[in-house]
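Hello,

Here is the structure I promised to pass on to you. Please open it next to this email, and we can walk through it together.

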Amino acid sequence: MKFSDTDFLEAVFAEPNTVWPNRDPRHPSAAYLERFLRALSQKSEVPLVLPRKDADCPVSNTYVICWSRSHAGRIRMLLNAGVEYNWCHFDGRVAQLHEDDPFEAAILSLAGPGTTYRLRPPNTRAHRGLFRSLSRMVDTIEQRPSRVSPMPRPVGRLLRDFETSLASGQALTSLELLESIEHSGGLSHENVAFLRLRRLGQLGADQEVLSSPSLSSVVAVEPPRLVREAILGAWFRKSGKDWRGLAQSLSDEMNELGVDIALLVDETLAHTTDADAWTASAVVALARGDVELAHRLVDSEGNGAADLRQELKTVLQAHFEPVTERPGQKFEMVPEPEVGPEHGQDDERNSDLDREPDVEVPRPNATPGSWGEWLASIAAGDEAPLTSEVTEGWASPGASDEQLAAAIQELHMSLTDRLFTGLGAFIDADDPARPARRASAELILRHLLGDRLTQSDLGAISALLGIFLRGAPDVRAYGELLQDLAGFKGRWSSIDTAAAAIDIADLVVCAPSASSDARQGFVASALEPLHALRHRLSKSLRTVAALVTDDLALGWNWTVPNVAPIDAEVSSSVLPSSILLYSLDKGVLARVKTAVAELHPSITLHVSDAKVGSDALRTHARNAELVVLATRKATHAATLFIQGHVSQSARVTYADGCGSGSMMRAVEEGIIAFGA
């Protein structure tokens, strides 16, 4: 049974509790308790402090009620500092509340188990001292400034957040972080250019990659492999020719482009997972007659068309001989004759020098070969960065989910920054068929306990929550994580982060649910701050939020009567006639399509969650005047297909996340920009 705030107060101050009889406003306790009861309506970081004195007890007991288990963990340290060794015994344990006690039953209904401390001072003097201490604690928490530092963040933190925002599909946040990195002065111009081109490649913005003013300088300084893949893939897609034509006219192509991007190709690209970058490398190998590169490309797996592979083998046959006569044979160079010692030369004296040592010399800071080894290296103090290039050969995190979750839990909180350097790679490595739900839950808790709730952090939490929910958690794990998230709503559910908050709430609504009550309670708690300030939300976000709460039959009214809209004025004559919405999440597409149709019924809407191109998708892309893309995977085939066929007059916008709130905000901004 759920209590309203008024019902809760009626229950806890009813008999036999004599602290505030009948809640009489003229009673001395009314003014005394007011400072503590403010926490009941706010449900922020301040705990609710309630005294209880039964008629047969000489001293009052005091209950300190927290809003989640994680909140209780933070308050434990404050109580330990202010209560223990001063006013009463405190061992740090939460109270075991009883359902048959009306007072404690009301607390259980409000905050759930594992959230409340029961303090028992030994005498009246200690009770007065205890309440003075609790009063100072409440005042301190209320007056504590928001933990958003005006100081610039270190460039290492910016780089980490940039990688995470790319993995989470946050197009705008990654751009803001890139600008902050550039202004910080902590990286060279070449490294900033690497990040910029990598981001454009992640978005599939091929034309912007090839027209970048820094392209020629980037090619000349041997950029990282991910940057080379972005450039080579963009060039191959934009060339508009098949590989045979490109191989024959490579020199002319480079002259037309003005940059010899063939310099980017080397043997390391043979094992790239980007099919277009692999094909571009094969074209360069054919044009050069590069036997070694062709050999490596043929040996690689999973990339390239069959006829292109056969052409590479034809090149090899002029320089290689088959090892054996068998289907699918590989080729290797004909070895030159070995030159032995001269006749009569005694080579025994050199045999000891040529012999391999019996003892292998250990290599310090060896590159980890799995997620478990990487976590062990963090615990051992290794500072080597983790990149997607390092992890691409590893098994997915879901293959050892339970072990990874235990390892993350054992890492000291001081190592969280080091742990989060691999967060982007962890999200990228997610296997939809085998999600690492336990490890994802631990990473979410690390964000909450460390108060790491910036915009990029919220994108990571949303991505991790999606992994967790796809893993079909049991009722207990499902309820505990949602309760912990709701306990921090004061940090992440606000007007400034409204789109991200709606993303998280809608993700929970659309995903399979282990507990309807837990889901409904979480969404109500998460969106309550936005509903209270709905007059400050745009109409489009209010519309999406209303769809979310209506699905759970919460009965909330999101309309704002007699208030001037904060949306930019857009005349119906400048609305785009057609909009194409693209996302891999069907639920997000359905939600946003309904909201846009309600707000702008004159606009023709097309939606797609296809993974590859098609005739219908080509037609929609060509006819759309506004294209809104929301996808986590950078070079998704359908995303590239859409951008390759969109008309030059159309506007393309990117959602800052993969949820309905972020996508609706992108639609809103795209419509406003269209009419500007």
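How many bridges join β1 to strand β2 (residues 61-65)? There are five, and the two strands run antiparallel. Strands pair here if DSSP finds at least two bridges between them. Helices (H or I, at least four residues) and strands (E, at least two) are DSSP runs, numbered from the N terminus.

Before going on, two notes on the source. This is a predicted model, in which local features need pLDDT of at least 70 and side-chain atom pairs count only at pLDDT 80 or more, while totals for chains, interfaces and linings use all residues. Residues are numbered from 1 along each chain as its sequence is written, and side-chain values use heavy atoms, with hydrogens and water left out.

**The whole protein**

The protein has 33 helices and nine strands. Of its 676 residues, 49% count as buried; buried means under 20% relative accessible area, exposed over 50%, and partly exposed in between (1.4 Å probe, protein chains only). Among contacts (heavy atoms within 4.5 Å) with a separation of 6 or more, 72% are between residues 24 or more positions apart.

**The sheet around β2**

Back to those strands. Three of them form an open antiparallel sheet in the order β1-β2-β3. β1 and β3 (116-119) are the edge strands, each pairing on one side only. From one strand to the next, the twist averages 20 degrees; for such angles, axes are lines fitted to C-alpha atoms, for helices over the stretch in contact, and angles run from 0 to 180 degrees between N-to-C directions. Helix α5 (residues 124-143) packs on this sheet and touches β1, β2 and β3, with its direction at about 15 degrees to that of β2.

You can follow the pairing residue by residue. Leucine 48 stands opposite isoleucine 65 in β2, and proline 51 has threonine 62 of β2 as its bridge partner. On the β3 side, four bridges join β2 to β3, again antiparallel, and threonine 62 stands opposite leucine 119 there. Because four of the five residues of β2 are buried, β2 is largely enclosed by the rest of the structure.

Is valine 46 buried or exposed? Its relative accessibility is 4%, so valine 46 counts as buried. Leaving aside neighbours within four places in sequence, valine 46 is in contact with Ala39, Trp67, His71, Val138, Ile141 and Glu142.

**A second sheet**

Four other strands make an open sheet in the order β7-β6-β8-β9, with parallel pairing. Its edge strands are β7 (604-608) and β9 (651-654). Strand β8 (residues 626-630) pairs with β9 over four bridges, and leucine 626 has arginine 651 in β9 as its bridge partner.

**Two packed helices**

Now look at helix α7 (residues 171-184) and helix α8 (residues 189-203): their axes come within 10 Å and cross at roughly 175 degrees. Angles under 35 degrees count as roughly parallel, over 145 as roughly antiparallel, 65 to 115 as roughly perpendicular and the rest as oblique. α7 and α8 are therefore roughly antiparallel to each other. Where they meet, α7 contributes residues including Leu175 and Leu178, and α8 residues including Val192 and Leu195.

**The cores**

A nonpolar core is a set of buried Ala, Val, Leu, Ile, Met, Phe, Trp, Tyr and Cys residues joined through side-chain atoms within 4.5 Å. The largest one has 85 residues, and Leu419, Trp492 and Phe522 are among those with the most contacts inside it. Helix α24 (residues 455-470) gives the most to this core, with nine residues. Apart from it lies another core of 58 residues, among them Leu308, Leu580, Ala638 and Tyr654.

Most residues other than glycine have a negative phi, and most peptide bonds are trans. Glutamate 15 and proline 16, however, are joined by a cis peptide bond, with omega about 15 degrees. Aspartate 451 has a positive phi of about 55 degrees and is buried, with a relative accessible area of 18%. Alanine 472 has a positive phi of about 50 degrees, but alanine 472 is exposed, with a relative accessible area of 60%.

Happy exploring, and write back with any questions!
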